[in-house]
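This report describes selected strands, helices and contacts of one protein model. Please consult the sequence and the structure shown below while reading.

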Amino acid sequence: MTVQHDRNVAPVAHPDRFFIGGEWVKPSTDSSLAIIDPATEELYFRAAEAQAADVSNAVGSARRAFDEGPWPRLTHAERAEFLTAIAAGLRARTDDGAKIWSHETGVLFAVADGVGERAGDVFDFYAGLADTYSFEEQVTPTMGGDHGLLVREPVGVVGMIVPWNSPLVQIPSKLAPALLAGCTVVVKLAPEAPAHGYLLAEIVEQAGLPPGVVNVVTADREVSELLVRDPRVDKVGFTGSTAAGRRIASLCGERIARVSLELGGKSAAVILDDYDLEQAAHVIAEAETLLTGQVCSSLTRIVVSRGRHDEFVDALASVFGGMTLGNPFDEQTQMGPLAMRRQRDRVESYIAKGIAEGATLAAGGGRPVHLDRGWYIEPTVFGNVDNSSTIARDEIFGPVLSVIPAADECDAVAIANDSIYGLNASVFTNDMERAIDVSRRLRSGTVGHNAFRSDSGVSFGGFKQSGIGREGGVDGLLPYLETKLMILDGHPTSEE
């Protein structure tokens, strides 16, 4: 069965404008971006492309809203009411959100379905923190003074740069805690997939937030740098590649701007000798089809003992080889296309490097012959991969798995940790104590047990070059707060 949808109609009202200062404003130029459906290679819609003047206008609006507007001076409970309204708006348009995601990135509609509900849950969670999180504490001064107040205040104007692969997953994890904290924001959308941001802007407008609290623009990298460089921006929150993250961190470092980074990964799955290989192959292969492997936390390095390597490669190749590729809206489809032509070119170049560097191509490696339109690639398995090879070191961002043989458990852990990344990992074993022991030894922000797991509702982020800071849960609020200590001579009236 194929889900019915309007293929060439993006369900957003103002893609030719930007949401700045609470209004839909005309761009400074007529420059626009073509958003292409990756399954059909047809135009989905066109969106306005921001230039320097547009970004400056958005930053100025956020700055005025923070310095002069009511938002930072509302109580947390008052701001929480707006977050609850945004959550309701997201749920009301969850079908629009799902269709947009499939059209822009090729994610299966079965996966995208309900994305608005999940985004609404994020806003509701942070709204709930208005009553439970301690934004102010009484403390006892240790170096003079009679009374101390430790208060946590909004960091200020935040520039949020979100990726193309899952905008309605990424934006709420930044926007909801920032709004609860009292920040004002500029959301910079990816030029490949901006419709979710427009959808959210419409919901923000409907919720009635004060003008300038949330501003939304779409821009490419060169113009986006202006947002990072702007001295009126107090903090940058970025999700994307490690290469781009390095650049953003260096620019923020020049002016000591606050920055949080959720970056790339080359995550390892360690399969211990007591775990069934067929079961592990099914779990890992099915997880890798999520967004066609375009997920930063994907388990793309699988480390297995040398004696079981060939058996596991065969099992994984069998599962991958049986995957059904095709229309993301067809319920029979198990994997859709890559999101862009350039992304398929990138994945194909890495497959060629894997072959050239001596890895064994066990499955896939080419374009599916039955699909003559769309940016499809076969799910690909390499065996006998050297952990120092290109395909084992670089984040490919596509459905390419590398199976790496290890001498024993200690060697497997060492191989898993031998990476510049540390975003995600998994341990496959039937022994809970071994799972905990190996998990403690893995240098990773998340470690799953017998599955691909990550949980942005609790805490998500990476070790090493996979990022700085955490998103989700209470930890996700902290990057949007500054701590201030007030040391008072005497006691507040309420304390006397």
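## A strand pair in the mixed sheet

R301 stands opposite S402 in β16. The model is predicted: local features need pLDDT of at least 70, side-chain atom pairs count only at pLDDT 80 or more, and totals for chains, interfaces and linings use all residues. Residues are numbered from 1 along each chain as its sequence is written, and side-chain values use heavy atoms, with hydrogens and water left out.

Strands β13 (residues 299-305) and β16 (residues 400-406) run parallel and are joined by 5 bridges. Helices (H or I, at least four residues) and strands (E, at least two) are DSSP runs, numbered from the N terminus; two strands pair if DSSP finds at least two bridges between them.

## The seven-stranded sheet

The order β14-β15-β16-β13-β12-β18-β19 describes an open sheet of 7 strands with mixed pairing. Because β14 (360-363) and β19 (446-449) stand at the edges with a single partner strand each, one side of each is left without a neighbour in the sheet. From one strand to the next, the twist averages 25°.

Helix α11 (residues 309-321) lies across β12, β13, β14, β15 (380-383) and β16, and runs at about 165° to β16. Helix α12 (residues 341-356) also packs on the sheet, where it touches β14, β15 and β16, and its direction makes about 20° with that of β15. Contact means heavy atoms within 4.5 Å. Axes are lines fitted to C-alpha atoms, for helices over the stretch in contact, and angles run from 0 to 180 degrees between N-to-C directions.

## Strand β12

How many residues of strand β12 are buried? The count is 5 of the 5 residues (267-271), so the strand is largely enclosed by the rest of the structure. Buried means under 20% relative accessible area, with a 1.4 Å probe and protein chains only. S267, A269 and I271 point one way from β12, while A268 and V270 point the other way.

β12, helix α10 (residues 277-288) and β13 make a right-handed β-α-β unit; a crossover is right-handed if, with the strands pointing away from the viewer, the path from the first strand over the helix to the second runs clockwise.

## Helices α2 and α5

Helix α2 (residues 76-92) packs against α5 at an angle of about 170°, with the axes 8 Å apart. The pair is therefore roughly antiparallel, a term for angles over 145 degrees. Among the contact residues are L83, I86 and L90 of α2 and F123, Y126 and A130 of α5.

G114 is found in the loop between α4 (109-112) and α5 (115-132). G114 counts as buried because its relative accessibility is 15%. The C-alpha atoms of G114 and D95 are 7.1 Å apart, and the two residues are 19 residues apart in sequence.

## The three-stranded sheet

An open sheet of 3 strands has the order β5-β6-β22, with antiparallel pairing. The edge strands, β5 (136-139) and β22 (481-488), each pair on one side only. Strand β6 (residues 147-154) is joined to β22 by 8 bridges, and L150 has L485 as its bridge partner in β22.

Conventions: Buried means under 20% relative accessible area, exposed over 50%, partly exposed in between (1.4 Å probe, protein chains only). Angles under 35 degrees count as roughly parallel, over 145 as roughly antiparallel, 65 to 115 as roughly perpendicular and the rest as oblique.
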